[in-house]
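Hi,

Here's the structure I promised to pass on. Have a look at it first, and then read my notes below.

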Amino acid sequence: MDLVEVQFAAAGKSVFVQPGTTLLAAAGMAGVDWPTGCRRGMCGTDAARLDAPAGCLEPPAAHERGTLDRMGLTGDCRLLCSAKVVAGRVVVRGDAVTD
Ligand code: FES
């Protein structure tokens, strides 16, 4: 099984993780301190803008989609606690709200 590269642009750090790993877990492995709250896709504290080509991430589950919709975040935004990697390379560009 091929590892997936996750880059955290602002921190200048990257890590290779197993498919199925959440981006929040990848942040922890990379030594990136990302703000979190519920860790269940409900609060939106960890919303981030990503560069993630199609197929790099599992699609958002209903609860994550609902939170992103409630926050008015679309397209390239995901919740780090909920988004799981599949393949390739994902770049976390920054906080979805403040960056
Ligand atoms: S930590 Fe609450 S949505 Fe991810």
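The buried residues of H1 are covered by elements that include E1, E2, E4 and E5. Before I go on, note that this is a predicted model: local features need pLDDT of at least 70, side-chain atom pairs count only at pLDDT 80 or more, and totals for chains, interfaces and linings use all residues. Residues are numbered from 1 along each chain as its sequence is written.

A word on the labels: helices (H or I, at least four residues) and strands (E, at least two) are DSSP runs, numbered from the N terminus. "Buried" means that 20 or more other C-beta atoms lie within 10 Å of a residue's own, "exposed" means 12 or fewer, and "partly exposed" is in between, with C-beta atoms placed from the backbone.

So which residues of H1 are buried? They are Leu23, Leu24, Ala26 and Ala27. These residues sit on the same side of H1, because they cover an arc of only 155 degrees around the axis (the arc is that of the directions from the helix axis to the C-beta atoms). H1 itself spans residues 23–30 and lies across E1, E2, E4 and strand E5 (89–95), at about 120 degrees to E2. Axes here are lines fitted to C-alpha atoms, for helices over the stretch in contact, and angles run from 0 to 180 degrees between N-to-C directions. Just past the helix, Gly31 has a positive phi of about 80 degrees.

Leaving aside neighbours within four places in sequence, Leu23 is in contact with Val6, Arg78, Leu80, Ala83, Val85, Val90 and Val92 (contact means C-beta atoms, placed from the backbone, within 7 Å). Leu23 is also among the residues with the most contacts inside the largest nonpolar core, which has 23 residues. Such a core is a set of buried Ala, Val, Leu, Ile, Met, Phe, Trp, Tyr and Cys residues joined through C-beta atoms within 7 Å. Two or more residues each come from E1, H1, E3, E4 and E5, and H1 gives the most, with four.

Now the sheet. It is open, with five strands in the order E2-E1-E5-E3-E4 and mixed pairing; two strands pair if DSSP finds at least two bridges between them. E2 (13–17) and E4 (77–79) are the edge strands, each pairing on one side only. From one strand to the next, the twist averages 35 degrees. The other helix, H2 (residues 62–71), lies across strand E3 (47–51) and E4, at about 125 degrees to E4.

E1 (residues 4–8) and E2 run antiparallel and are joined by five bridges. Their hairpin has four residues between the strands, and Gly12 takes a positive phi near 65 degrees there. Val4 stands opposite Val17 in E2. Is Val17 buried, exposed or partly exposed? Val17 is partly exposed, because 19 other C-beta atoms lie within 10 Å. Not counting residues up to four places away in sequence, Val17 touches Leu3, Val4, Val6, Ala26, Met29 and Val85.

Finally, the whole chain. From the N terminus on, the elements run β-β-α-β-α-β-β. Buried residues make up 32% of the 99 residues. Among contacts between residues at least 6 apart in sequence, 63% join residues at least 24 apart.

Cheers

How values were computed. Two residues are in contact if their C-beta atoms, placed from the backbone, lie within 7 Å.
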